[in-house]
Amino acid sequence: MKTLLLVLQTLKTPARKMSVDIGGMRKPYHDKSDFFDFKDLVAREPFDQFKAWFEEASNHEKIYEANAMCLSTATKDGIPSARMVLLKKYGPEGFTFYTNYNSRKAGELDSNPRASLVFYWEPLQRSVRVEGKVMRVGEEESLDYFHSRPISSQIGACVSNQSQVISTRDVLTDKETELLAQYGDGKEPVPKPDWGGYRVVPHMVEFWQGQSTRIHDRIRFRRMGEGEEVDEKMTQNGENGWVIERLAP
């Protein structure tokens, strides 16, 4: 009787969907003879090294947007979120992107000004990871960049109260139509909304290159901690206050 009840109970229980096993998905990367090491660095600081890799990615016919990057932020309580954004400027001052200052990402960056960036250039089997503090870009710089964009993009920034719930897409397209009628001919400047840049000032930049054996290459540039002494067997001195290390994959 107990067995019959268990069977009936099992029949009434909704079937759980089976998880999808994709463990067999695997692509070859670089051959083990084609590895990335200290001798392959073009600079002893991360920005010129990034420039070399970024330019190679930008010129690669199979990479559509080399400046696409995953931006990860977190709330004050440490709840993370991530999204794709576009890099608009880089150099010793940091890595710059733009967004609506009322968006979720902006709220998290203002309350917890730390972020990480990840670039992944699949055809090259390369990735760059950046970690650092975040600061807002000056208003003049944000305004100059805003008005350098196509008018359609300027209006797009005005249309969207980013990350806010809306009833239908018509809310956006109706406002776009209204603003295009007013500013579409370019005779009158589009007023910048509460929108502008953020800059990630890195304390760590890691360069990754994939290996088919999964013994990947990881070269890290980082800022030294206060009072830290370098172990010359493990760490190399770079330039401009950076040190260079190889990490296990």
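A polar contact is a pair of N or O atoms within 3.5 Å, of which, within protein, one must be able to donate a hydrogen and the other to accept it. In the present model, which is predicted, the side chains of Thr-73 and Glu-108 are joined by such a contact at 2.4 Å. A further polar contact, of 3.0 Å, is made between the side chain of Thr-73 and that of Arg-83. Thr-73 itself is placed in strand β1, which spans residues 68-74. Its relative accessibility is 4%, and Thr-73 is therefore classed as buried, the limit for that class being under 20%. When neighbours within four places in sequence are left aside, the residues in contact with Thr-73 are Ile-79, Pro-80, Ser-81, Arg-83, Lys-105, Glu-108, Leu-109 and Arg-114.

Charged pairs were examined next. The count of salt bridges comes to 16. One of these joins the side chains of Arg-129 and Glu-131, with an N to O distance of 2.5 Å. Both partners are partly exposed: Arg-129 has a relative accessibility of 29%, and Glu-131 one of 27%. Arg-129 also meets Glu-206 in a salt bridge at 2.7 Å, N to O. This second pair links distant parts of the chain, since Arg-129 lies in strand β6 (residues 126-136) and Glu-206 in strand β7 (residues 195-209), 77 residues apart. Glu-206, at a relative accessible area of 5%, is buried.

Strand β7 takes part in another link between distant parts of the chain, in which its residue Arg-199 is paired with Glu-141 of helix α4 (residues 139-148), 58 residues away. The side chains of Glu-141 and Arg-199 form a salt bridge of 2.7 Å, N to O. Glu-141 is partly exposed at 26% relative accessibility, whereas Arg-199 is buried at 9%. Through salt bridges that share partners, Arg-129, Glu-131, Glu-206 and Arg-218 are joined into one network.

The largest pocket holds about 270 Å³ of space. Its lining comprises 16 residues, of which Tyr-98, Thr-99, Arg-149, Gln-162 and Trp-195 are the closest to the centre. By residue class, the lining of this pocket divides into seven nonpolar, six polar and three charged residues. At least two lining residues are supplied by each of β2 (80-86), β4 (94-100) and α5 (151-159). Strand β4 gives the most, with four residues.

Note on methods:
Residues are numbered from 1 along each chain as its sequence is written. This is a predicted model: local features need pLDDT of at least 70, side-chain atom pairs count only at pLDDT 80 or more; totals for chains, interfaces and linings use all residues. Side-chain values use heavy atoms; hydrogens and water are left out. Buried means under 20% relative accessible area, exposed over 50%, partly exposed in between (1.4 Å probe, protein chains only). Contact means heavy atoms within 4.5 Å. On a 1 Å grid over the protein atoms alone, a cavity is a set of points where a 1.4 Å probe fits but cannot get out, and a pocket is an open set with protein on both sides within 12 Å along at least five of seven lines; lining residues have an atom within 4 Å of a point. Grid points are joined across faces, edges and corners, and a volume is the space filled by probe spheres set on the points. Ala, Val, Leu, Ile, Met, Phe, Trp, Tyr, Cys and Pro count as nonpolar, Asp, Glu, Lys and Arg as charged, and the others, Gly among them, as polar. A salt bridge is a side-chain nitrogen of Lys or Arg within 4 Å of a carboxyl oxygen of Asp or Glu.
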